[in-house]
Amino acid sequence: MRVGVIGAGSMGAGIAQVASTAGCDVDIFDQSENACQKALEKLEKILTRLIEKGRINQAEKESVLGKINIVSDLNKLKDADLVIEAIIENEKIKKELFSQLSKLVSKHCIIATNTSSLSVTNLASVCDYPERFIGIHFFNPAPLMPLVEIVPALQTDNEWTNEVYQIIKSWNKSPVVAKDTPGFIVNRIARPFYGESLRIFEEGLADFITIDQSLKIIGGFKMGPFELMDFIGNDVNYAVTESVFKAFYYDPRYKPSFTQKQYAEANWLGRKTNKGYYDYSKDYSYSDVDLDKNLANMIVNRVLVMLINEAVDALYLGVASEEDIEKAMTKGVNYPKGLIEWGRERTFSWCVSQLDELYGKYHEDRYRCSPLLRQLANS
Ligand SMILES: NC(=O)c1ccc[n+]([C@@H]2O[C@H](COP(=O)([O-])OP(=O)(O)OC[C@H]3O[C@@H](n4cnc5c(N)ncnc54)[C@H](O)[C@@H]3O)[C@@H](O)[C@H]2O)c1
């Protein structure tokens, strides 16, 4: 299979590695030839490290590298069976690219976008044959993260969705199918992990370390929300929240936080600037934190119930199947268990009572309970 990758940044390079490792011939194009060269140099280093760790041998390294070919002209992708775009997240630039690309590839070529926040349907609209256009959303780093969200546009033919599903599976990834709605599955359902934690901080109920430690020690999450936002980058995480909020016509459930906005404005982006919610020039001993059990339970319950509500509501609105929602949150963001299963364990009636209590206290639409959660609690 011949795969074209457009954009040789962090995602494009990773996707090229995944496809070539799976045995595809990969042509990679970037408007900056230097970016392609850098991507190949980085890949060479990654593969050398994999040899040192005994994960691959020299022949495998050569085979992966040998299958990747840098092309300096978009026209060279004309014989591709599948083209995956991973360029800058800009609607206008992506549309210009797809309009041009869809005219030069064969009508059997699948054209895919790796966009995280734009409407796949909107991008498909500029293509000749929009029925072969689809979202293939990899997570960062693509070679390590198993989850891939497959997002058919309104125009996508089912036949292509099934074909893409099989291709992604054959690349050793775990595909899920998501409706083309803001944030798809993971970036929608995960919002309260950050948003509710920031809100708890803003209300002065707990500091960053207490919230992180509560969710890790009692909640079982691998990383706390503030550690994770520092890892992702406050600029990137804030931009995703803001775009989901706008795309949902300002639904208060997805309201961004002033705290995070200011951290981004102050350039306290997290690990990449050495300062975010934590100061990375210092060593932290998290174990020194003495957790107040009642406070820690309140934090976990509040964040967890918001996540469960979001997952159940995504199911209610047909964003994905229950199986795919559970798979997405465990494989895409490493949650300790599926959120719907977690809700069932805690009991759905407990979830409803927690949400109703929050709603009763704040009278904000942010805490409205999903109709399906109420229905599950009553059944
Ligand atoms: N970084 C992430 O965590 C992540 C995760 C999932 C999806 N995505 C999505 O993947 C896409 C790429 O993200 P990234 O983080 O790899 O970006 P990046 O900035 O690392 O790389 C983008 C590359 O695209 C190239 N480019 C820009 N315009 C181009 C054009 N018109 N034609 C050809 N090449 C062009 C740039 O030179 C650059 O090398 C975005 O749509 C983003 O939303 C990113």
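Let's start in a loop. Asn267 sits in the loop between helix H12 (258-265) and H13. Helices here are DSSP runs of H or I with at least four residues, strands are runs of E with at least two, and both are numbered from the N terminus. A word on what you are looking at. This is a predicted model, where local features need pLDDT of at least 70, side-chain atom pairs count only at pLDDT 80 or more, and totals for chains, interfaces and linings use all residues. Residue numbers run from 1 along each chain as its sequence is written.

Back to Asn267. Its phi is near 65°, a positive value in a residue other than glycine. Is Asn267 buried or exposed? Asn267 is exposed, because it has 12 other C-beta atoms within 10 Å. The scale is this: 20 or more other C-beta atoms within 10 Å of a residue's own is buried, 12 or fewer is exposed, in between is partly exposed, and C-beta atoms are placed from the backbone.

Asn274 lies in the loop between H12 and H13 as well. Its phi is near 70°, again positive in a residue other than glycine. Asn274 has 13 C-beta neighbours inside 10 Å, so it counts as partly exposed.

One more loop. Pro141 lies between strand S6 (133-138) and S7. The peptide bond into Pro141 from Asn140 is cis, with omega near -5°.

Asn140 takes us to the ligand. There are 23 residues around it, and Gly7, Gly9, Met11, Ala35 and Asn140 come nearest. Near means that the C-beta atom, placed from the backbone, lies within 6 Å. Which helices supply at least two residues each to this shell? They are H1 (10-21) and H4 (91-104). H1 gives the most, with 3 residues. By class, the shell has 11 nonpolar, 10 polar and 2 charged residues. Nonpolar covers Ala, Val, Leu, Ile, Met, Phe, Trp, Tyr, Cys and Pro; charged covers Asp, Glu, Lys and Arg; the others, Gly among them, are polar.

Now a strand residue. Leu82 belongs to strand S4 (residues 82-85). Leu82 counts as buried because it has 23 C-beta neighbours inside 10 Å. Set aside neighbours within four places in sequence, and Leu82 is in contact with Met1, Val3, Cys109, Ile110, Ala112 and Ile167. Contact means C-beta atoms, placed from the backbone, within 7 Å. Ser63 is 19 residues from Leu82 in sequence, and the two are 20 Å apart in space, C-alpha to C-alpha.

Next, helix H14 (residues 322-331). Its buried residues are Asp324, Ile325, Glu326, Ala328 and Met329. What covers them? The cover includes strand S7 (147-152), strand S8 (174-177), helix H7 (186-189), helix H13 (293-316) and helix H15 (339-346).

Axes are lines fitted to C-alpha atoms, for helices over the stretch in contact, and angles run from 0 to 180 degrees between N-to-C directions.

First pair: H13 and H16. Their axes come within 10 Å and cross at roughly 110°. So H13 is roughly perpendicular to H16. Under 35 degrees is roughly parallel, over 145 roughly antiparallel, 65 to 115 roughly perpendicular, and the rest oblique. H13 passes H16 in a left-handed crossing. Left-handed means the near helix is turned anticlockwise from the far one by less than a right angle; clockwise is right-handed. Asn301, Val305, Ile308 and Asn309 of H13 meet Cys351, Gln354 and Leu355 of H16. That contact has 4 nonpolar, 3 polar and no charged residues.

The crossing is left-handed. From H16 come Phe348, Ser349, Cys351 and Val352; from H17 come Leu373, Arg374, Leu376 and Ala377. The classes are 6 nonpolar, 1 polar and 1 charged.

The angle is about 115°, with axes 9 Å apart. The crossing of H8 and H10 is left-handed. Phe193, Tyr194 and Ser197 of H8 touch Pro225, Phe226 and Met229 of H10. These divide into 5 nonpolar, 1 polar and no charged.

How values were computed:
Two residues are in contact if their C-beta atoms, placed from the backbone, lie within 7 Å.
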